[in-house]
Amino acid sequence: MSEQTAPAGAAGTGRVRRVVVAGAGMAGVRTAVALREQGFTGDITLIGAEPHQPYDRPPLSKAVLLGKSDGSAFDVDFDSLGIELRLGCDALGVRPAEHVLDTGAGPVPYDALVLATGAEPLRLPGTAGVPGTHLLRTLDDAERLRPVLARRHTVVVVGAGWIGAEFATAAREAGCAVTVVEAADRPLAGALPAEVAAPMAAWYADSGADLRTGARVTRVEPGGPGGGGGGGGVVLDDGTRLPADAVVVGIGARPATGWLAGSGIELGAEGEVLADAGLRSSAEDVYAVGDCVSFPSARYGTRLLVHHWDNALQGPRTVAANILDETPAVYDPVPYFWSEQFGRFVQYAGHHADADRLVWRGEPDGPAWSVCWLRGDRLVALLAVGRPRDLAQGRRLIESGRPVDDGVLTDPSRPLKDAALG
């Protein structure tokens, strides 16, 4: 399949009578809603593996985990929208030639199928089934971790990425003793260059968490049932043993697409569905959206795989438009995400490469600063810590593609919008 083209999707509402959406997270729910908003009157079936009413994930690492909320169900009246929910139902495979989705409850025929199964967390080798070891991806995961925080247990977090930092933040807020173990030499090593990520290491100590970088886990020793009985621990490659009532693993995620094996749907190196610029897969009438798909970006000249909430929110409008096939749509967003960690609001917009030039706005040891990435004289990405106005104005500059003035970029007292030239 080429970067910009793929087999055409379903050709118009006269042909599309039934849309099936596999995955009931943000991307799946918003696709179903977008179809109704754009005038689709046929049948919509939304299939979710979890038994819970469809819910939003970001609150899991914050309000739900800390017991401030019992859930985060979407405020969507599925009945009034005529959206059929099939929950607690696993997607098992696709037969594109027959236009059938196989599920744990039997085959489901479709005219158009949307793959929205998201991503699944990577597991630390050797920890499957070890008592006291946790992931944080689902509502059930958060419910299992709530008593750990409520009882102020000793916690070891494996991985200093976004999810590890957010969980460590919540655990410290709850009064837990927290040690974070990271194999790389800095937090967020997979997302940010060393000079940007290094200052963030101090945030852990400021919050009372112990961050250990360059440390690999050799084994995890079982804790008590549910991680609440004590006695567990994490052994590092240098022989250090870290006591732990509970161990939380946050070492990344990969697209949840293993169930597509044998379908003929083309997957990428990370296991993601390879879609065209309209989010169509290589199979006719099969689309993909959210964490499970990569798409070609003309804006950045590369294929993007974006594991963030805003991508799951924005992509569905493109999918719905292309299913209806009235006004063909191209998906080429400026990616965006945010993270709340250690009392700081961190936002990122765009996409940067190693070769892009980095420019600072403010001092990284201060409470608020930003970093800009430039490709030539164009802003392509921005990280803002405690500077939401920078983020909003920078995002518009990225979208516009206008050249910018470096002198304004480096002056944190000047509004970022003033950097635009021409």
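Biologist: Gly190 first. Buried or exposed?

Modeller: Exposed. Its relative accessible area is 87%, and the cut-off for exposed is over 50%. Keep in mind that this is a predicted model.

Biologist: Now Thr31. Buried or exposed?

Modeller: Thr31 is buried, with a relative accessible area of 0%. Thr31 is part of helix H1, which covers residues 26-37.

Biologist: What lies 2.7 Å from a polar atom of the Thr31 side chain?

Modeller: The backbone oxygen of Ala27.

Biologist: Which residues does Thr31 touch, not counting those up to four places away in sequence?

Modeller: Val21, Val114, Val289, Pro316 and Val319.

Biologist: Other helices. Where is Arg146 found?

Modeller: In helix H2, residues 139-150.

Biologist: Why is Arg146 called buried?

Modeller: Because its relative accessible area is 17%, and buried means under 20%.

Biologist: What is Arg146 in contact with, leaving aside its neighbours within four places?

Modeller: Val64, Leu65, Gly67, Ser69 and Asp70.

Biologist: Let's do strands. How do S4 and S5 pair, parallel or antiparallel?

Modeller: Antiparallel, over 4 bridges. Arg95 stands opposite Val100 in S5. The two strands make a hairpin, with 4 residues between them.

Biologist: Which residue in that turn has a positive phi?

Modeller: His99, at about 55°. That is a positive value in a residue other than glycine. The loop holding His99 runs between strand S4 (91-95) and strand S5 (100-103).

Biologist: What joins S5 to S6?

Modeller: Another hairpin, through 2 residues. S5 and strand S6 (residues 106-109) are antiparallel and share 4 bridges. The partner of Val100 in S6 is Pro109.

Biologist: What about Leu279, what is its phi?

Modeller: Near 65°, and Leu279 is likewise a residue other than glycine with a positive value. Its loop connects strand S18 (273-274) with strand S19 (286-288).

Biologist: Is Leu279 buried or exposed?

Modeller: Buried, with a relative accessible area of 1%.

Biologist: Next, the sheet with S9 in it. What is the strand order?

Modeller: S9-S16-S10-S11-S12. This is an open sheet of 5 strands, with parallel pairing. Strand S9 (133-134) and strand S12 (210-213) are the edge strands, each pairing on one side only.

Biologist: Over how many bridges do S10 and S16 pair?

Modeller: 4, in the parallel sense. S10 covers residues 154-158 and S16 covers residues 246-249. Val157 stands opposite Val248 in S16.

Biologist: Which residues line the largest cavity?

Modeller: Phe295, Val306, Asp310, Asn311, Gln314, Tyr331, Pro333, Val334, Pro335 and Tyr336. By class that is 7 nonpolar, 2 polar and 1 charged.

Biologist: Which helix gives the most to that lining?

Modeller: Helix H6, residues 309-324, with 3 residues.

Biologist: And the second largest pocket, how much space lies in it?

Modeller: About 150 Å³.

Biologist: What is it lined by?

Modeller: Leu124, Pro125, Val158, Gly159, Val181, Glu182, Ala183, Ala215, Arg216, Val217 and Ile251 line the second largest pocket.

Biologist: How does that lining split by class?

Modeller: There are 8 nonpolar, 1 polar and 2 charged residues in the lining of the second largest pocket.

Terms used: Residues are numbered from 1 along each chain as its sequence is written. This is a predicted model: local features need pLDDT of at least 70, side-chain atom pairs count only at pLDDT 80 or more; totals for chains, interfaces and linings use all residues. Side-chain values use heavy atoms; hydrogens and water are left out. Buried means under 20% relative accessible area, exposed over 50%, partly exposed in between (1.4 Å probe, protein chains only). A polar contact is a pair of N or O atoms within 3.5 Å; within protein, one must be able to donate a hydrogen and the other to accept it, and residues adjacent in sequence count only if both atoms are side-chain atoms. Contact means heavy atoms within 4.5 Å. On a 1 Å grid over the protein atoms alone, a cavity is a set of points where a 1.4 Å probe fits but cannot get out, and a pocket is an open set with protein on both sides within 12 Å along at least five of seven lines; lining residues have an atom within 4 Å of a point. Grid points are joined across faces, edges and corners, and a volume is the space filled by probe spheres set on the points. Ala, Val, Leu, Ile, Met, Phe, Trp, Tyr, Cys and Pro count as nonpolar, Asp, Glu, Lys and Arg as charged, and the others, Gly among them, as polar. Two strands pair if DSSP finds at least two bridges between them.
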